[in-house]
Each structure stands twice: as C-alpha cells, then as structure tokens.
Amino acid sequence: MKKFTKVMALLLSLSMVLAFAACGGNTEETTAAGGEETTAADVSYDLTKEGDYTADNTEYVIGATGPLTGDAASYGISVQQGAQLAIDEINAAGGLNGVNFKLDMKDDKATAADASTGYDALFEAGMQASLGSVTSGSAESFATRAAEDDVFSLTPSASADNVINASNNSFRVCFGDPDNGIMSAEKLAKEYENIGVIYDSSDAYSSGIYDAFKTKMAELNVTYIEQSFDAENNRDFSTQVEALKDCDVIFLPIYYTEAGLIAKACVAKGCDAFLFGCDGLDGVASQIDDTVTNKISYLTPFDVNSEDAKVSAFVTAYETKYGAKPDQFAADGYDAVYVIFEAMKALGVNNVKVDPAELGKALTATLTSADFSYDGVTGGMVWDASGACVKEPIIVELN
C-alpha cells in the first residue's frame with residue numbers, strides 16, 4: 001500500500017476561494033412583504049414553538065440520507081460513522097442542556113428518488129435538522145424537499161452548486177465543485193505545460209469540477225488534452241491513458257476507485273505522468289500498490305496523518321470505534337454534526353420538541369452571521385450567504 005509522505009499548504013490565495021465561494025447559492029437578501037430587503041441575520045424565529053408533526057421527540061434528531069448499499073456505499077457509510085462518532089461524543093459530554101442527540105440516516109442508494117422518499121420518512125419521524133444527503137444528485141432532491149418545510153440542511157460531502165441553490169437553508173461542509181476545478185486549474189497551469197484530463201461525463205461531481213476547470217483554463221489561455229469515460233465504461237482505462245501517456249500531468253477530477261485503476265493503467269502503458277486530483281481521491285492509497293510509481297497528489301481539507309491534536313484525537317477515536325482509519329467523508333460527517341451542535345448551543349436551544357422550521361431559520365441566521373465559525377478536523381470554517389463553506393485546502397502527496 002502507498003504511504004502518505006507529505007502534506008503542504010496549497011499555494012493559492014484564500015481570498016480567491018472567498019471570492020469564488022460567494023458567487024452563487026442561497027440568496028443573501030430576501031424581500032419582506034412590505035418590499036423591504038432583509039438579510040439572514042434579520043430573520044425572526046421562535047425556538048419555543050414545538051413541531052407540528054407526529055413524532056414525540058425525547059432527543060434532538062438529526063436526519064440524513066446516503067448510499068448505505070450499492071456501489072457508492074463506502075461514502076455513505078463513512079459519513080454515517082463519522083457523524084455517529086460525533087453524536088456519541090456529544091451525548092457522553094451531556095448533550096445539549098442534558099438532552100441527547102440522535103442520528104437517523106436512511107439508505108438512498110445514491111438516487112434522487114430514494115433521497116426524497118427518505119426525507120419524508122425522516123420528517124415524519126421527527127427530524128429537526130439534517131445533514132442532507134451524501135451525494136450531489138440525492139442532496140439536491142433532499143434539499144428541494146427540505147425547502148418546503150424550512151428544514152436546515154448541512155451536507156458533509158455533496159459539492160455540486162445546485163445542492164445549496166435548492167434552499168435558503170442549505171449549506172455544505174466540503175469544497176464546492178467549482179472551487180476544486182478553479183484551484184486545480186490555477187495550480188496545474190502554473191507548473192506544467194503538457195496537461196491531460198480524464199473525467200467522468202456521467203457523474204455530477206466529476207463533470208462539475210471539470211466544467212469549472214475547463215472555464216478557468218480557457219481564461220488562462222492554457223490548452224490541454226481531454227479524455228472521458230462514463231458509468232458504463234469505468235473499468236478499463238487503457239485507451240485514455242494511451243492518449244495521454246506523453247503528458248507531464250493528468251488531472252483526475254474523479255473518485256478514488258477509478259483513479260486507482262488509472263494509476264495501474266499508467267504502469268501498463270509506461271506512462272510516468274504526475275496524477276493530480278481533488279478530494280474524491282481520498283482513499284486512493286488503498287487502491288494501489290508498490291508497482292505504481294507515479295507521483296499522486298490530491299487537494300483536500302483533511303489529512304488522516306496530520307499531527308494536529310484535534311485531527312489526531314478524531315483519528316484515534318474513529319479507529320477505536322470502527323477498526324479502520326477515517327477518510328474525508330467520515331471527517332466531513334463528524335464536523336457537520338458538531339457544526340449543528342455548536343450552532344444550536346450558540347442559539348440557546350432548550351426545547352427538545354423545537355419546530356424544525358423555526359430551528360432551520362435560526363440555524364441559517366447563525367451560520368451566516370459574522371460571529372460564527374467552527375474549527376474542525378477538516379479545518380477552520382465560515383459560511384457565506386450562499387451556503388458555501390470557506391476553508392483553506394491542503395495537498396496530500398503519495399510516493
């Protein structure tokens with residue numbers, strides 16, 4: 001198995017990330033009935049109001065959907081385990097004013113239809129806040145349903161722009177797809193001449209990053225060679241690697257399973273290109289062995305081998321509970337629960353049956369206020385009015 005050998009700060013200005021993250025998403029201002037514009041901080045809410053649903057809550061309920069079975073199950077299970085670890089820690093420390101939290105996660109098999117059905121079941125069961133969904137297509141469906149009930153949604157990992165566009169109460173912990181694409185284009189255009197790209201044309205995550213990368217490369221007037229694949233043809237990458245074998249670097253805005261296959265195809269084809277990806281490559285070390293000599297790096301907010309005390313404590317606790325090291329999805333799920341908890345604590349929530357619509361409006365106002373931030377295992381975080389999370393990336397390198 002490949003070993004992590006180095007972590008470095010990405011040499012990009014955080015101001016660029018801030019500027020881009022503010023470009024879209026939730027509406028910063030809404031128009032009141034009388035025509036007067038208000039900001040999220042001006043939204044009124046009543047946290048003493050109880051929810052008008054069938055559930056009789058005795059715990060604060062955080063709902064979510066994600067793929068717990070099927071090809072994408074590893075992502076959903078990681079988020080579920082990271083989130084549950086955070087719930088366990090919060091409850092062990094006394095919960096919120098002595099009241100425990102509960103995680104309720106439904107299997108959506110990474111489909112929009114199952115995410116919508118899962119949302120309905122969660123709401124009827126007493127969900128008061130949510131982690132939305134794990135994958136982008138499901139998360140957009142979930143957020144659209146949540147918008148009808150004003151339920152707050154903080155997805156750990158769904159990075160497409162339309163996820164946070166779907167509702168004024170929709171936020172995310174991870175980088176957005178355009179952020180990944182733009183930062184990658186800036187870096188590769190500065191450091192390399194012969195650039196190749198392999199992306200998944202059938203996947204929202206991959207296509208979203210690639211579209212932003214393509215746009216930025218055009219702005220920079222930098223050319224590259226493009227290859228693609230889809231969900232029906234994602235096992236043999238010999239054709240794509242053959243076309244790019246003379247490139248200095250191959251950009252892989254894809255997930256780690258396909259990246260591992262591409263790395264092995266590089267060995268077979270004698271391609272020595274540097275392989276560079278985004279946060280979806282977290283986990284690629286488990287897919288390759290010592291026969292792969294290509295340098296591999298990926299942009300991410302989380303490094304499992306970090307010496308930071310908070311990260312180390314999380315990794316140790318996760319390994320103790322689950323017998324394996326956490327990936328970025330687990331770290332994002334862990335942070336997402338703590339963000340909701342800290343925001344509820346800041347609000348002084350003291351009503352176990354609090355109405356989810358009132359709580360949703362209050363959480364949105366809190367996260368978009370200038371006073372709220374969270375320092376998690378995936379870095380320091382603030383949120384803009386779009387619902388985008390602003391944090392500083394790092395690059396993890398493999399040898």
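Reader: How many bridges join strand 11 to strand 12, and in which sense do the two run?

Author: Strand 11 and strand 12 (residues 274-277) run parallel and are joined by 4 bridges. This is a predicted model, and the pairing is read from its coordinates.

Reader: Which residue stands opposite Phe251 in strand 12?

Author: Phe276 stands opposite Phe251 there.

Reader: And what lies between the two strands in the β-α-β unit, and what is its hand?

Author: Helix 9 (residues 256-269) lies between them, and strand 11, helix 9 and strand 12 together make a right-handed β-α-β unit.

Reader: Where do the side chains of strand 11 point, and are they buried or exposed?

Author: In strand 11 (residues 249-252), Val249 and Phe251 point one way, while Ile250 and Leu252 point the other way. All four are buried. In a regular strand, side chains alternate between the two faces of the sheet.

Reader: What about strand 9: in which sense does it pair with strand 11?

Author: Strand 9 pairs with strand 11 in the parallel sense, over 3 bridges. Within that pairing, Val197 has Phe251 as its bridge partner in strand 11.

Reader: How many bridges link strand 9 to strand 10?

Author: There are 5 bridges between strand 9 (residues 195-200) and strand 10 (residues 225-229), and these strands run parallel. Tyr199 stands opposite Ser228 of strand 10. The chain passes from strand 9 through helix 7 (residues 204-219) to strand 10, in a right-handed β-α-β crossover.

Reader: Staying there, what is the phi of Asn221, and where does the residue sit?

Author: Asn221 sits in the loop between helix 7 and strand 10. Its phi is near 60 degrees, a positive value in a residue other than glycine. Most residues other than glycine have a negative phi. Asn221 is exposed, as its relative accessible area is 69%.

Reader: Which loop holds Asp150, and how accessible is that residue?

Author: Asp150 belongs to the loop between helix 4 (136-149) and strand 7 (153-155). Its phi is likewise positive, near 60 degrees. With a relative accessibility of 33%, Asp150 counts as partly exposed.

Reader: Pro356 touches which residues, leaving out those up to four places away in sequence?

Author: Asp150 is one of them; the others are Gly51, Tyr53, Phe123, Met127, Gln128 and Val151. Pro356 and Gln128 are 228 residues apart in sequence, yet their C-alpha atoms are 4.3 Å apart in space. Pro356 is in helix 12 and counts as buried, at 2% relative accessibility.

Reader: What does Thr364 contact, apart from its neighbours within four places in sequence?

Author: Thr364 is in contact with Phe152, Asn168, Asn169 and Phe171. This residue is also found in helix 12 (residues 356-367). Thr364 counts as buried because its relative accessibility is 9%, under the 20% limit.

Reader: Changing topic: what is the strand order in the open sheet of 3 strands?

Author: The order is 14-15-16, and the pairing is antiparallel. Strand 14 (374-376) and strand 16 (389-390) stand at the edges with a single partner strand each, so one side of each has no neighbour in the sheet.

Reader: How many bridges does strand 15 form with strand 16?

Author: Strand 15 (residues 379-383) pairs with strand 16 over 2 bridges, in the antiparallel sense. In strand 16, Val390 is the bridge partner of Val382.

Reader: How many disulfides are there?

Author: The count is 0 disulfides. Cys389 is in none, and the nearest cysteine sulfur, that of Cys174, is 8.0 Å away. Cys389 is buried, with a relative accessible area of 1%. Cys278 is buried too, at 0%.

Reader: Finally, what is the mean pLDDT of the chain, and where is the pLDDT below 50?

Author: The protein chain has a mean pLDDT of 90, and 89% of its residues reach 70 or more. Over residues 1-38 the pLDDT is below 50, and this stretch has 92 contacts in the model beyond near neighbours in sequence.

Reader: And the overall numbers: how many helices and strands?

Author: The protein chain has 12 helices and 17 strands. Of its 399 residues, 54% count as buried. The chain exposes about 15800 Å², of which carbon and sulfur atoms supply 47%.

Technical notes
Residues are numbered from 1 along each chain as its sequence is written. This is a predicted model: local features need pLDDT of at least 70, side-chain atom pairs count only at pLDDT 80 or more; totals for chains, interfaces and linings use all residues. Side-chain values use heavy atoms; hydrogens and water are left out. Two strands pair if DSSP finds at least two bridges between them. A disulfide is a pair of cysteine sulfur atoms within 2.5 Å. Buried means under 20% relative accessible area, exposed over 50%, partly exposed in between (1.4 Å probe, protein chains only). pLDDT is the predictor's confidence in each residue, from 0 to 100. Contact means heavy atoms within 4.5 Å. A crossover is right-handed if, with the strands pointing away from the viewer, the path from the first strand over the helix to the second runs clockwise. Accessible areas come from the Shrake-Rupley method with a 1.4 Å probe; for residues, only the protein chains shown count as cover.
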